[in-house]
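Please look over the sequence and the structure shown below before reading on.

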Amino acid sequence: MSPPSAEILSREPLSTEEAAWTKLVKITYKDPNGKLRAWESAERQTRPANSLVDGVGIIAILEKPTGPELLLQKQFRPPTEKVCIEVPAGLIDAGESPEQCAVRELKEETGYVGRVAGDGSGVSPLMFNDPGFCNTNLNFVHVTIDMSMKENQNPKPELEENEFIEVFSVPLRSFYSEMRKLEKEGFAIDARVGTLAEGFEIAKKWML
């Protein structure tokens, strides 16, 4: 099963006046040799004032009797023209901490009620998504989902009108092979998901 199909109808330049979410900027800087250089970059226009972070990616683990599973999503992304495999994620609201944002977005996008890890590993270092292209960044937030809780027995997402998301999970032990399988089926793998899967595979290969 996949989200309802979507169709790209056109592509055209976007004027600055029309852009609501992103903007292009020209950065002038001095390189290590003292030479002036220019760099083209994209920036989000949604980062709250006085915030250092744009949003969060949520590493949500379902605690099941058969073993831990990672919560994932299928969502059509127009730039890729494909349905993408992603972790739950979202932009931070003004005054929110990454932990608060993660719990809120998890509930809204998946219906699950989660608990942020409290052992000091709950929030990752600040990470930049594509630093050669843009300044967009995020924190990963590690969340566990207790499947014995009543709230998690029949979770119901609270999606916005323009969101079409299918929620599913994969066993951590077969995470990497599942991503390979999904790519062969025509899905696009979000870099955050792919990197996470590669990390699991490296850890297994080197017995870390």
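In which sense do β4 and β5 pair, and over how many bridges? In this predicted model, β4 and β5 pair in the antiparallel sense, and five bridges hold the pairing.

- Strand β4 is mostly covered, since seven of its nine residues count as buried, and a residue is called buried when its relative accessible area is under 20%.
- Towards β5, Arg77 has Lys82 as its bridge partner, and the hairpin of these two strands has four residues between them, with Glu81 taking a positive phi near 60 degrees.
- With β3, strand β4 pairs in the antiparallel sense over two bridges, and Leu62 stands opposite Glu69 of β4.
- The hairpin of β3 and β4 has five residues between the strands, and in this hairpin Gly67 takes a positive phi near 125 degrees.
- Strand β4 is also joined by seven bridges to β10, which covers residues 165–171, and these two strands run antiparallel.
- Glu69, which stands opposite Leu62, has Pro171 as its bridge partner in β10.

**The length and ends of helix α3**

- Helix α3 is made of the 15 residues 191–205, and at 1.5 Å a residue it should span 21 Å, which agrees with the 21 Å that separates its end C-alpha atoms.
- At the start of α3, a side-chain oxygen of Asp190 comes to within 2.8 Å of the backbone nitrogen of Arg192.
- After α3 comes Met207, and the phi of Met207 is positive, near 55 degrees.

- The buried residues of α3 are Val193, Gly194, Leu196 and Ala197, and they lie on the same side of the helix because they cover an arc of only 165 degrees around its axis.
- As a general rule, an α-helix has 3.6 residues a turn, so residues three or four places apart point the same way.
- The exposed residues Ala191, Thr195 and Lys205 are carried by the face of α3 that is turned away from its buried side.

**Where the helix meets its surroundings**

- The buried residues of α3 pack against the strands β3 (55–63), β4 (69–77), β5 (82–86) and β11 (188–189), and also against helix α2 (175–184).

Notes: Residues numbered from 1 in each chain as written. Predicted model: local features only at pLDDT ≥ 70, side-chain atom pairs only at ≥ 80, totals over all residues. Heavy atoms only, no water. Expected span 1.5 Å × (residues − 1). Buried < 20%, exposed > 50% of the residue type's maximum accessible area, 1.4 Å probe, protein only. Arc of directions from axis to C-beta. Contact = heavy atoms within 4.5 Å. Polar contact = N/O pair within 3.5 Å; in protein donor to acceptor, adjacent residues only side chain to side chain. Pairing = 2+ DSSP bridges.
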